[in-house]
Amino acid sequence: IKTGEKLVIVPEWETYDPADGEIVVLMDPGMAFGTGTHETTRLCAMLLEKYVRPGDRMLDVGCGSGILSLVCLKLGASHVTGTDIDPICIQASLDNRYLNRLPEENSRFLQGNLIEDSTLQEQVGQEYDIVAANILADVIIMLQKEIPVHLKKDGIFIMSGILNIKENAVKEALEQNPALEIIETASQGEWVSITARKC
């Protein structure tokens, strides 16, 4: 699945001969969400390719199979932290990190709910350049209050998993948050991604 100018997501069981300059991310989702075929994942990967800079620190909320975390590492992020409420997702993320031969010290995957769990909030820490959340609109509406705590000033928050019928509700919540400013909206099929910057 080609998701941007350079990124290609390849299932572990497929063979693929990359063209010059292409960045390949191998995936075996197991029982977790995130193979690269879904519009929401492709939107996020495309936007990450646009916004990630070498050396960035990235937070992946609702990491699923770890696909967005691994995309960021392949794009040159210095460190990623992934969180998910489901232990199956944490294991899938670790497995896919191994599959892509990425060093352990550049990433960590933590189980818990970032909206409610103060211990996890502390573990995650602050000063991220990029936060991605490919979840659901209703969760993003709650999550957007917490995310600015973890972002640097001018940091980027990429949200996806938003059905087009929920787009306005998410935007209204963001517009009421003085810490975030919407800078971009993208869509594929019935799915929408919204990108905001920390003011």
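I began with helix α2, which in this predicted model lies across β3, β4, β5 and β6 and runs at about 165° to β3.

I then asked which strand order the sheet has. I found an open sheet of seven strands in the order β5-β4-β3-β6-β7-β9-β8, and its pairing is mixed. The edge strands are β5 and β8, the latter spanning 180–188, and I noted that each of them pairs on one side only. Neighbouring strands of this sheet are turned against each other by 15° on average, with direction ignored.

Next I looked up helix α1, which packs on the sheet and touches β3 (57–61), β6 (128–134), β7 (151–163), β8 and β9 (191–198). The direction of α1 makes about 130° with that of β8.

How do α1 and α2 pack, and at what angle? I noted that α1 (residues 39–51) and α2 (residues 67–74) pack at an angle of about 20°, with their axes 10 Å apart. The crossing of α1 and α2 is right-handed. On the α1 side the contact is made by Thr41, Cys44, Ala45 and Leu48, and on the α2 side by Ile67, Leu68, Val71 and Cys72. Sorted by class, the residues of this contact are seven nonpolar and one polar, with no charged residue.

Last, I went to the β5 end of the strand order, where β4 (residues 79–84) and β5 (residues 107–111) pair in the parallel sense over five bridges. I looked up two of the partners: valine 80 has serine 107 of β5 as its bridge partner, and threonine 83 has leucine 110 of β5. Together with helix α3 (residues 87–99), the strands β4 and β5 make a right-handed β-α-β unit.

Methods. Residues are numbered from 1 along each chain as its sequence is written. This is a predicted model: local features need pLDDT of at least 70, side-chain atom pairs count only at pLDDT 80 or more; totals for chains, interfaces and linings use all residues. Side-chain values use heavy atoms; hydrogens and water are left out. Two strands pair if DSSP finds at least two bridges between them. Helices (H or I, at least four residues) and strands (E, at least two) are DSSP runs, numbered from the N terminus. A crossover is right-handed if, with the strands pointing away from the viewer, the path from the first strand over the helix to the second runs clockwise. Axes are lines fitted to C-alpha atoms, for helices over the stretch in contact, and angles run from 0 to 180 degrees between N-to-C directions. A crossing is left-handed if the near helix is turned anticlockwise from the far one by less than a right angle, and right-handed if clockwise. Contact means heavy atoms within 4.5 Å. Ala, Val, Leu, Ile, Met, Phe, Trp, Tyr, Cys and Pro count as nonpolar, Asp, Glu, Lys and Arg as charged, and the others, Gly among them, as polar.
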